[in-house]
Amino acid sequence: MSSSSSHPRLASVPPIDIPSSDAMSRPRAVSAPKSKSASAVDPVLRNALRYTISAREYETLHKYVISRSRVLRKRAPTVNTVEKYMKGDGNRRASIARDNPPVKGKGKEKAALGSPAPRAGGGGGGGDSYNARAIRHALRIFVATGIGAKAYEMLIARIKGQQEPPASQKKQPFYKSSPLRLSLSLSTILLLYRLLFRFFKRLRAQLLDPTAAPFRERNPRTSNTLTSPYAPAVGAGLAGLALGIYPSQQLRLTITISLMFRALEFGYNLLEDEGSIWGFRARAGGNGLVKRERPWWFGSWLLQPLAMGQLLHATVFDRESSPAGFFDLISKHMNTYLHAAPQNLPSGVQWPGPWDIVDSLAQMAKLNWPPFVSPTLFPNEPTLPATLTTLAPLTSQAYPIITSLSCASLHPGDPSCLRTYLTFWVRSVPRLGRFFIIFYSMLMLPRYKLLYNAPLHLLNRLLSKALRLTTFATGAVSTAWASICFFQTWLPRTFLPTQRFFLGGFLAGLWAFVERNEGRSIFLYTARTSVDSLWKVGVKRRWWRAMKGGDVWLFALALAITGAVYERDARAIREANVRKGISWLSGTGFRDWGLEDEDELEMDGTSKEE
């Protein structure tokens, strides 16, 4: 009954159509239509923009240049459009987020780990990643240094009167030209330094993570090296090896010596600030220790005697290893010791020039300073050695009472060495004084407001600078020449015959004491020139052997020392612009992080006290 009665009800239910497995298909995800701007952006154009200009720079360019021109304003894209170009699509933003993960820290540490640079006004970086900034800055360095080096070559050629380049330079391929290799070397150093610095910085952060404890336990020495706070700076110093792209010329050696001097200076400042050089003394009352102050007489002027001695000795005995402009500087307009040819000189007589006199002085030293025999008293006898016959026109008019051949060559018209020395001062001081007054007056032109507000102060400073530098220059040059006569008078002929030039230069360098407060740049330049000359003299005389690429390794070492000192204590680098430059080289922005960190510490201390 029940079954029969329920049958009509089931029959009234319509059948359900179940699709077969073949007919079933996977539902498709509904994709949102791509935006017009994202689909229209060419990846090549986006990368070209990102590696050429940042969104912030384009905003500044648009504000001050493009927006003021009607034609450019219509044709150039807006700032928002450029930002969208640089950001790209969502996949690109995800890759940028993976490339620049959120990092902990503040200030320089956060910037060094590769976080995007914050925009003014609180905006994002506009797709401006760490790698994009590094490549962009490297390309700019490549273009700027290439143009500058080529312009410098053309300027020097015009000054020397060489309108056409030499034949050897015409045949040189473009990829071997010095300007190209210099710009390529510098840009590669910048790019590699930033990439290595961020790599070692992130590696250090990962090794310091608690999850890396097993690795630190298995490799204690490696982990201690890589987790050192100086590891990123030292590792990034390997980028200095890219200096080898530039050919081994004088410029490469000069760059290496200059950076090495700066690195040693920064290291010395660090040690002095920490009290490692002068030590500590007990505080008054016995309460603790205080750092000793530097002696008043100690300074960079102490380098000048050693540098002047070496340069004078190299100029006399190793002319090709000495700077060409050094002797030209001390011999120009020095007619008290170097005499010009008289007007009534016979046509067949060759008058000795400045370099001839220097070569003759070197021969005198090698001959143990022979005495002077006057040709006036002995006209029919040879009065000069065979190697010094070039001095015959000069010594033939010397006073017969002169007993030294060097004195007869330097001041034949005056038998008194002291009077000649004083005459040099009388003639040189007015001329050098006028030159330095004009030179410093031109340097003070940008400070014309100070001339209006405090004219007496500016005039006093100008005259004091010119007077000190005139005294230093006149005293150094006159002492270098007069020391030859002095040693001839008071020392035996065979006592240190060739080393007297070093002693004379050493005495001449002691005049740096007059300019010890403001002549630091002069002293360091002279010291760098002396080190360059000493290296060449040592190679020539086989005191040491030149290692191939040794200057490149020294450059990398100097770069590592500079970075390590900056990481240790940025205040050891006295110049604020240099600190900003090192920060920019590391990729942390052109900012003075040393002062900012110090301000943050002061603010933290103040907040804790409150």
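Which residue forms a salt bridge with Arg-579? In this predicted model, the partner is Asp-592, and the closest N and O atoms are 2.9 Å apart. A salt bridge here is a side-chain nitrogen of Lys or Arg within 4 Å of a carboxyl oxygen of Asp or Glu.

Two remarks on conventions come first. Residues are numbered from 1 along each chain as its sequence is written, and side-chain values use heavy atoms, without hydrogens and water. Local features need pLDDT of at least 70, side-chain atom pairs count only at pLDDT 80 or more, and totals for chains, interfaces and linings use all residues.

I return to the opening pair. Arg-579 lies in helix H27 and Asp-592 in the loop between H27 and helix H28 (593-609), so the bridge ties together parts 13 residues apart in sequence. Helices are DSSP runs of H or I with at least four residues, strands are E runs of at least two, and both are numbered from the N terminus. Arg-579 is buried, at 7% relative accessible area, and Asp-592 is buried as well, at 8%. Buried means under 20% relative accessible area, exposed over 50%, and partly exposed in between, with a 1.4 Å probe and protein chains only.

The structure holds 19 salt bridges. In another of them, Glu-265 meets Arg-520, at 1.7 Å from N to O. Glu-265 belongs to helix H15 (residues 250-273) and Arg-520 to helix H25, so this pair ties together parts 255 residues apart in sequence. Glu-265 is buried, at 14%, whereas Arg-520 is partly exposed, at 34%. Through shared partners, salt bridges join Arg-262, Glu-265, Arg-520 and Glu-575 into one network.

Next, the aromatic residues. There are 20 aromatic pairs; rings of Phe, Tyr and Trp (its six-membered ring) pair if their centres lie within 6.5 Å, with planes under 30 degrees apart counted as stacked, over 60 as edge-to-face and the rest as tilted. Trp-301 and Phe-513 have ring centres 5.3 Å apart and planes at 75°, so they are edge-to-face. Trp-301 is in the loop between strand E2 (289-291) and helix H16 (303-317), and Phe-513 in the loop between helix H24 (500-509) and helix H25 (520-540), so the pair ties together parts 212 residues apart in sequence. Trp-301 is buried, at 10%, while Phe-513 is partly exposed, at 30%.

Phe-513 also has a charge over its ring: the charged end of Arg-516 sits 4.0 Å from the ring centre. The criterion is NZ of Lys or CZ of Arg within 6 Å of the ring centre and within 35 degrees of the ring normal.
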